[in-house]
Amino acid sequence: LLHVDKVSMHFDGDAARTQAVDAMTFSLYERERLGLVGASGSGKSTTAKLLTGLLTPTEGRILLAGKNIVGTSGRARKELCRHVQMVFQDAHGSFNPRRSIGAAISETIRNLCPPDEQPTDHRVAALLDEVELPASYAARYPHEISGGECQRAAIARAMAVSPDILICDEATSALDTESERLVQEALENLMRNRTTIVIAHRLSTIRKADEICVMHEGEIVERGRHDELITMNGYYKRLCDMQKF
């Protein structure tokens, strides 16, 4: 479904060039869950932005169902958003503060779904119900609800277009324990039978992934399932040990 082919991304600064991602290659198959892990600054979030078209790679190709999505614009960019959705770490920052939660979800449906799937109050309420938020939250604004509630609303917005690929960029790392549990439950419902990429700070969230790619300084340095990576006794094992995982 997705093939990342020797993708690199660098940023030119005043003094030097920073290589955020270096010749990254991996594939993602339908209904597969891929975990991306690594220390802060390893290139995980940059990778997510490359896959969603928020950044254009310096080199390489990103193939979605065989089509190169690098540099898409206009209608092709809109189509990419239809197929790939992302749940960001900062839920409040992902919403327009001047629009209600219901208006934000409706706007996503209106912009990305076919004409016969246009938004209704009933559909928005049903999406909120799936993440255990009352229908009345459609009238609330992002600043009027908690971080965990806002993150669940962001998940409802992503669910609205039934994307082929869902990317979760450390979606629970900024939450308290109870909010994290509720958001994780909502994510598990959304990810069931869906192709997903989970960028994780808390490694317990990707333990059951079909494959885990371990990033260090912009490169994938290890890959495999959790148990396989533990057996390697390498970088992933050290990350787990630091979290007492």
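Tutor: Angles under 35 degrees count as roughly parallel, over 145 as roughly antiparallel, 65 to 115 as roughly perpendicular and the rest as oblique. This is a predicted model, in which local features need pLDDT of at least 70 and side-chain atom pairs count only at pLDDT 80 or more, while totals for chains, interfaces and linings use all residues. Residues are numbered from 1 along each chain as its sequence is written, and side-chain values use heavy atoms, with hydrogens and water left out.

Student: How do α5 and α6 lie relative to each other?

Tutor: Helices (H or I, at least four residues) and strands (E, at least two) are DSSP runs, numbered from the N terminus. Helix α5 (residues 147-159) packs with α6 at an angle of about 10°, their axes being 9 Å apart; axes are lines fitted to C-alpha atoms, for helices over the stretch in contact, and angles run from 0 to 180 degrees between N-to-C directions. The two helices α5 and α6 are therefore roughly parallel.

Student: Which residues in α6 meet those of α5?

Tutor: Contact means heavy atoms within 4.5 Å. From α5 come Gly148, Gln151, Arg152, Ile155 and Met159; their partners in α6 are Ser179, Leu182, Val183, Ala186, Leu187 and Leu190.

Student: What is the order of the strands in the open sheet?

Tutor: Two strands pair if DSSP finds at least two bridges between them. Strands β3 (residues 33-37) and β9 (residues 211-216), for example, run parallel and are joined by four bridges. The open sheet has six strands with mixed pairing, in the order β6-β7-β8-β3-β9-β10.
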